[in-house]
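This briefing sets out selected structural features, grouped by topic. Please consult the sequence and the structure shown below alongside the text.

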Amino acid sequence: IDGDTVCDENEIVGCQEVGADNFNPDATDAGDCEYFGCTDILAVNYNAIANIDNGSCNYGPWGPIVPTDVNHTIAVLDYADMTFDGEPITIGDWIGVFYTNSDGELVCGGSLLWEGETTNITAWGSESGLDNGFQVGEGFTWIIWDAETGQELIATATYLEDGSVPNTDTYVNNGQSAILSLNALSSVTQNIDLPTGWSFWS
C-alpha cells in the first residue's frame, strides 16, 4: 500500500486530470496525461497546453509565417470598413499583408484570421542580407481571402492619419499603423451614357 488505501495489486495507473483527453476516472495512481491539439506556436489555433499534436494546426490560406527579428505592427480596427467584392468580410475570413521578393513574387509577410474585433497584424521585416520580409520603405500589399468561396482578392487600404500612430502604408522597423478601410474588388465597372444614335463604333 502506498498511502492511498489501495493495495498495490489493485492499483490502476492512469491520468487523473479531468480535462485531459485520456482522463481515467478509475485511476488510483497518477499516470501520463494526454492533451490533443495544435502544438505549433506559428499556427492560429496553437494550444499551449497540448502535448500531442493531432494534425489540426491552422496556418491560413498562405501557410505559416516565420517571424524575423524586426517587424511593423498594424492595428485592424473593429470599426474599419472592410469588404470583399462589396460585401462586409465575415468572421473566418483571412487578411494578409504581402511584400515583393527579389523574384518579383508576392509573399505573405503577416496574416490574421478575422474574428470581428480589434486586433493587430504583424508585418515581418527582412533580416540583414536575407530576402525574408519587408524592406524598409516598401509599401504594404493587402489580400483578403474569403472563407465562403475560397477566393482571394487584392485589397485597397486606407490608414488612420490622426497622429495617434506614426506610420501609414509603408514598412518601418518597429513601425505602427492602423487600418481604416480595406476593400477588395474582383472587377471595376463603369456605366457610360451615350447620346441617342451614338455607339462605341460611331
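The model is predicted: local features need pLDDT of at least 70, side-chain atom pairs count only at pLDDT 80 or more, and totals for chains, interfaces and linings use all residues. Residues are numbered from 1 along each chain as its sequence is written, and side-chain values use heavy atoms, with hydrogens and water left out. Two disulfides are found in a search of the whole structure, the largest nonpolar core has 30 residues, and there are five aromatic pairs.

**Disulfides**

- A disulfide is counted where two cysteine sulfur atoms lie within 2.5 Å; the sulfur atoms of Cys15 and Cys33 are 2.0 Å apart and form one.
- The torsion about the S-S bond of Cys15 and Cys33 is about 100°, so this disulfide is right-handed.
- Strands are DSSP runs of E of at least two residues, and helices runs of H or I of at least four, numbered from the N terminus. Cys15 lies in the loop between β1 (13–14) and β2 (29–30), and Cys33 in the loop between β2 and β3 (36–37), so the bond ties together parts that are 18 residues apart in sequence.
- Buried means under 20% relative accessible area, exposed over 50%, and partly exposed in between, with a 1.4 Å probe and protein chains only. Cys15 is buried at 1% relative accessibility, and Cys33 is buried at 15%.
- Cys38 is joined to Cys57 by a disulfide with an S to S distance of 2.0 Å. The torsion about its S-S bond is about 105°, so the Cys38 and Cys57 disulfide is right-handed.
- This pair links distant parts of the chain, 19 residues apart: Cys38 is in the loop between β3 and β4 (52–53), and Cys57 in the loop between β4 and β5. Cys38 counts as buried, with 1% relative accessibility.
- With the bonded cysteines of the protein numbered in sequence order, the pairing is 1-2, 3-4.

**Nonpolar cores**

- A nonpolar core is a set of buried Ala, Val, Leu, Ile, Met, Phe, Trp, Tyr and Cys residues joined through side-chain atoms within 4.5 Å. In the largest core, of 30 residues, those with the most contacts inside it are Val76, Met82, Ile95, Phe140, Trp142 and Leu182.
- Two or more residues of this core come from each of β5 (71–84), β7, β9, β10, β11 and β12. The greatest contribution is that of β5, with seven residues.
- Contact means heavy atoms within 4.5 Å. Not counting residues up to four places away in sequence, Leu182 touches Asp81, Met82, Thr83, Ile95, Trp142, Ile144, Ala155, Thr156 and Ala157.
- A second, separate core has seven residues, including Ile65, Trp94, Phe98 and Ile143.

**Aromatic pairs**

- Rings of Phe, Tyr and Trp (its six-membered ring) pair if their centres lie within 6.5 Å; planes under 30 degrees apart count as stacked, over 60 as edge-to-face and the rest as tilted. The structure holds five such pairs.
- Among them, Phe134 and Tyr171 are stacked, at 5.7 Å centre to centre and 10° between the planes.
- Phe134 is in the loop between β9 (119–124) and β10 (141–146) and Tyr171 in the loop between β11 (151–159) and β12 (176–184), so the pair ties together parts that are 37 residues apart in sequence.
- Phe134 is buried, at 1% relative accessible area, and Tyr171 is buried with a value of 1%.
- One aromatic cluster is formed by Tyr99, Phe134, Phe140, Trp142 and Tyr171.

**Asp93**

- Asp93 sits in the loop between β6 (87–88) and β7 (94–100), and this aspartate is buried, with a relative accessible area of 1%.
- A polar atom of the Asp93 side chain lies 2.9 Å from the backbone nitrogen of Thr90.
- Not counting residues up to four places away in sequence, Asp93 touches Leu112, Leu113, Trp114, Trp145, Asp146, Ala147 and Glu148.

- Asp85 is partly exposed, at 37% relative accessibility.
- Asn174, in the loop between β11 and β12, is not a glycine but has a positive phi of about 65°. Asn174 is exposed, with a relative accessible area of 66%.

How values were computed. Polar contact = N/O pair within 3.5 Å; in protein donor to acceptor, adjacent residues only side chain to side chain.
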